Amino acid sequence: MMKQQICILGSTGSIGTQALDVIEQHSDLYEVYALTANNHWRELAAQARKFRPAAVVIANADHYEALTKELEDQPDIKVYAGSDALKQIVEAEPINMVLAAMVGFSGLEPTINAIKARKKICLANKETLVVAGELICKLALDYHAPILPVDSEHSAIFQSLVGEDENEIEKILLTCSGGPFRLFSSEQLQTVTAADALRHPTWDMGAKITIDSASLMNKGFEVIEAKWLFGVPAEKIQVLIHPQSIVHSAVQFADGGVKAQLGVPDMRLPIQYAFSFPKRLSLNGDRLDLFRQPLEFFEPDTEKFRCLAMAYEAISKGGNMPCILNAANEIVNEGFRNGACSFLEMGEIIEKTMSKVSFDKSPDLDVYLQTDAESRKVAQELMSGR
């Protein structure tokens, strides 16, 4: 059996590094064809030395010379740089699967190119569906490119739906840890810092997604993602705060039955399941012990955590509004991490940006690109003017 050739977009991030661990555990089944990173060229070079891909791409071309010099003793590894190289590498003929693990809007165009090249998409970059869900779903159908979810929640939903065929989904139960500020009052939220927000209680993730988890924007994005992945309207997607992060999500069917996927918080499981579906492979790691772990569920407070409510508003309005939401969030997320705005100001700036940027009910890719640029500019101006 030929090994499956995998391209990892964002190999130096949390998802990318865990995916490489999965590949290493199953080196008889999978092989790395291409690795990409944005700025972390040293980590990328170290991964290239270990996994010996055919190619590496550093998105920030400023690092091309350093990366090339670091790998000059590896003549079989081709080194490329820039956003165009990212979009082109996914089209390489030997590639079977593309793991889209880049962070933010930057993952959109490479994912589109991978779909058009009819690659299997293992999707960890939720912003792709948040920004352009309708376009992505249409392209996936047109080019017969399967999209398998890698987010733990969407993988759980996907796993719960296996074997259910055309059975009606009554409700999706999308679980959420609640982040580090779940029990904070509104007054306490006024003074929290980025360092506070980065201390996630159950998951070890990158900085951007950890901040999004603290504000519950990440969960809002996942509502939008679930709508497109599973064809369920947002009003049938219920968010449940589940601090233990054991029930990764569940599906309620028309007869009232509920199916859920449970497991320890380990992203390697959904990554591996996307790679191997419909087969389940062995995976080294901790096992769930329900005797030692209580399971609790609470309603989210959308007054304190406005970002979740705004995500529902964005998907309700449709068009390019989720794109506006995402772009503004990327600006304030970075701003909060750099001390340019407070935790609560993030939501205020996003809400104002959504009211100021031009709305388009039927956007195409060009409109998404223009919307993203305009929204970033508006959000940056609002943040700078505070």
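# Close-up views of a predicted model

**View 1. The end of helix H14 and the glycine beyond the helix.** Just after helix H14, Gly339 adopts a positive phi of about 80°. This structure is a predicted model. Helix H14 itself covers residues 321-337, which makes 17 residues. From its first C-alpha to its last, H14 reaches 24 Å, close to the 24 Å expected at 1.5 Å a residue. Most of H14 is covered, with 15 of its 17 residues buried.

**View 2. Helix H5 and the residue that follows.** Helix H5 runs over residues 108-116. Seven of these nine residues are buried, so the helix is largely enclosed by the rest of the structure. The buried residues are Leu108, Pro110, Thr111, Ile112, Asn113, Ala114 and Ile115. Just after H5 comes Arg118 with a positive phi of about 65°.

**View 3. Strand E1 and its partner E2.** Strand E1 consists of residues 4-9, and five of these six are buried, so E1 is largely enclosed by the rest of the structure. E1 and strand E2 (residues 30-37) run parallel and are joined by six bridges. At one of the paired positions, Gln5 has Glu31 of E2 as its bridge partner. To get from E1 to E2, the chain passes through helix H1 (residues 14-25), and this β-α-β crossover is right-handed. In a regular strand, side chains alternate between the two faces of the sheet.

**View 4. Strand E1 and its partner E5.** E1 also pairs with strand E5, which is made of residues 97-100. Four bridges join E1 and E5, and the two strands run parallel. Ile8 stands opposite Leu99 in E5.

View 5. An unreviewed UniProt entry lists Thr12, Gly13, Ser14, Ile15, Asn125, Glu127 and Gly206 under "binding site". Gly13 lies in the loop between E1 and H1. Gly206 is placed in another loop, between helix H9 (194-197) and helix H10 (207-215). With a relative accessible area of 32%, Gly206 is partly exposed as well.

Key
Residues numbered from 1 in each chain as written. Predicted model: local features only at pLDDT ≥ 70, side-chain atom pairs only at ≥ 80, totals over all residues. Heavy atoms only, no water. Buried < 20%, exposed > 50% of the residue type's maximum accessible area, 1.4 Å probe, protein only. Pairing = 2+ DSSP bridges. Right-handed = clockwise from strand over helix to strand, strands pointing away. Expected span 1.5 Å × (residues − 1). UniProt positions renumbered as here; feature names shortened; annotations may be inferred.
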